[in-house]
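Student: I would like to go through a structure with you, one region at a time. Could we begin with the contacts and then turn to the helices?

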Amino acid sequence: MILTVTLNTAVDLTYRVPALTPHASHRVTQVIERPGGKGLNVARVLAALGHETVATGFAGGATGAVLREQLAATPVRDELVETAGATRRTVAVVDAATGDTTQLNEPGPTVTAAEWTAFRVRFTALLDGATAVALCGSLPPGIHVGAYAELVRLARTAGVPVLLDTSGEPLRRGIAARPDLVKPNADELAQLTGSRDPLRATREARGRGARTVVSSLGPDGLLAATPEGLWRAAPPTAVKGNPTGAGDSAVAGLLSGLVDGTPWPDRLSRAVALSAATVLSPVAGEFDPTAYEELLPRVKVTTEGAGS
C-alpha cells in the first residue's frame, strides 16, 4: 500500500474558455470538478497504474464533503481527518486559444492543535503496512512550519521510504530530516540553494540531507542526483496542454518505480512519460493512457557520472 499525505486538500475546478482576456467577461465552455491537492493527484495516478493507494490529510465543511464524495468514486481509500474549517477550492482557467493555464489557489482552513494531533495518530497507524509514503503540497494555516520534518522522522522510524514534495521553509526543514527523495522544481531549488544552475542546485540540495533529489525542469524533463549516479531524463518531444498536475504525475511515477524496485533509468522514464501524458490531459491528476504508452519507450535518459 502506498500512502499519500495532502495536508491542504482542495476541490479543483477547471474552467475552459475560448480565450482569456483581462478585464473582460468570459463564457465558460467546460467545467470539470475533481478532488485535488498534490497528494490526491498523486494518489489517483498511482491507482490508475494499479497500485493500492491510501490518501490521508484534512477535509472539512461543505467543500470537504464534496471532495470526499468525489474521492469515494475512485479506487483511492479515504483516510482523511475531519477539520472544523472548510476545505479550500482551486480554480484553473484554461485558455483554449493558447493552451495556457491561470491558477487561483485559496489558502485552506486553519487546522487546530487537536486536529493536528488526531492526524498524527492516523498517520502513524497508516504507516504500518505502507510500502512508501508521499508528503505533498503546501501547509494549511495553523500547522507549524516543521510539520513535514516531523512526518519524515515518523516515516523513517517506521522504516517506510518517504518522498517529500513541497517548497519554501517546509522543504528546507523537511530535507534536513533526511527523506529518501525530494522532488523540487527549478524555482523551489533556487529558493532552497540560492543557485539557478540546475546541476549545481540539485547536488547541493542532496547534500542538505535527502538520499535522492529529483529536480523537475519543466518541459526539459527531470534531473536526478541519486546514490547510484546522476541522471537526466527528457521527453522525446515538446508537449502542449494543461500542465496542472504534471509534477504530481512525475511523483507518482517515481513512487511507482520505487515500490516496484525498477532501476533509475526506467523509474525516470516512467515519471517523465506520465508527466507529459498529464499535460495532454485536460484534468489535473489524470493522464492520457495512450500518450503515456507511446511516450514511455521514447524518453531519453542519460547519465553524467557517479553519485556523491
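Tutor: Contact here means heavy atoms within 4.5 Å. Please keep in mind that this is a predicted model.

Student: Understood. Which residues is A225 in contact with, leaving aside its neighbours within four places in sequence?

Tutor: With those neighbours set aside, A225 is in contact with T202, R206, R211, T212, V213 and L230. A225 itself belongs to strand β12, residues 222-226.

Student: Is A225 buried or exposed?

Tutor: A225 has a relative accessible area of 6%. Buried means under 20%, so A225 is buried.

Student: And how far apart are the C-alpha atoms of A225 and V214?

Tutor: The separation of these C-alpha atoms is 6.4 Å, and the two residues are eleven residues apart along the chain.

Student: Staying in that strand, what does the side chain of T226 reach?

Tutor: T226 is also found in strand β12. Its side chain reaches the backbone oxygen of G229 at 2.8 Å. T226 counts as buried, at 0% relative accessibility.

Student: Let us change topic to N8. Where does N8 lie?

Tutor: N8 lies in the loop between β1 and β2, the latter being residues 10-17. Its relative accessible area is 3%, so N8 is buried.

Student: Which residues does N8 touch?

Tutor: Not counting residues up to four places away in sequence, N8 touches G37, R88, P107, G108, P109, S138, L139 and P140.

Student: Now the helices. What describes two packed helices?

Tutor: Two packed helices are described by the angle between their axes and the distance between the axes.

Student: At what angle do α8 and α9 pack?

Tutor: Helix α8 (residues 246-260) and helix α9 (residues 264-279) pack at about 150 degrees, with their axes 7 Å apart. Angles over 145 degrees count as roughly antiparallel, and α8 and α9 are therefore roughly antiparallel to each other. Their crossing is right-handed.

Student: Which residues of α8 and α9 meet?

Tutor: On the α8 side they are A246, G247, S249, A250, G253, L254, S256, G257, L258 and D260. On the α9 side they are W264, R267, L268, R270, A271, L274, S275, T278 and V279. By class, this contact of α8 with α9 has nine nonpolar, seven polar and three charged residues.

Student: What about α6 and α7: how do their axes cross?

Tutor: The axes of α6 (residues 186-193) and α7 (residues 198-207) come within 10 Å and cross at roughly 60 degrees. The two helices are therefore oblique to each other, and their crossing is left-handed. From α6, the contact is made by L189, L192 and T193, and from α7 by P198, A201, T202, E204 and A205. These residues divide into five nonpolar, two polar and one charged.

Student: Which residues of α4 are buried?

Tutor: In α4 (residues 147-157), the buried residues are A147, Y148, A149, E150, L151, V152 and A155. Their cover includes strands β1 (2-6), β8 (132-136) and β9 (162-165), together with helices α3 (113-127) and α5 (168-176).

Student: What follows α4?

Tutor: G159 follows α4, and its phi is positive, near 75 degrees.

Student: Which residues have a positive phi although they are not a glycine?

Tutor: As background, most residues other than glycine have a negative phi. H23 has a positive phi of about 65 degrees, and R178 has a positive phi of about 70 degrees.

Student: Where do H23 and R178 lie?

Tutor: H23 lies in the loop between β2 and β3 (30-36), and R178 has its place in the loop between α5 and β10 (181-182). H23 counts as exposed, at 88% relative accessibility. R178 is partly exposed, with a relative accessible area of 48%.

How values were computed: Residues are numbered from 1 along each chain as its sequence is written. This is a predicted model: local features need pLDDT of at least 70, side-chain atom pairs count only at pLDDT 80 or more; totals for chains, interfaces and linings use all residues. Side-chain values use heavy atoms; hydrogens and water are left out. Axes are lines fitted to C-alpha atoms, for helices over the stretch in contact, and angles run from 0 to 180 degrees between N-to-C directions. Helices (H or I, at least four residues) and strands (E, at least two) are DSSP runs, numbered from the N terminus. Angles under 35 degrees count as roughly parallel, over 145 as roughly antiparallel, 65 to 115 as roughly perpendicular and the rest as oblique. A crossing is left-handed if the near helix is turned anticlockwise from the far one by less than a right angle, and right-handed if clockwise. Ala, Val, Leu, Ile, Met, Phe, Trp, Tyr, Cys and Pro count as nonpolar, Asp, Glu, Lys and Arg as charged, and the others, Gly among them, as polar. Buried means under 20% relative accessible area, exposed over 50%, partly exposed in between (1.4 Å probe, protein chains only). A polar contact is a pair of N or O atoms within 3.5 Å; within protein, one must be able to donate a hydrogen and the other to accept it, and residues adjacent in sequence count only if both atoms are side-chain atoms.
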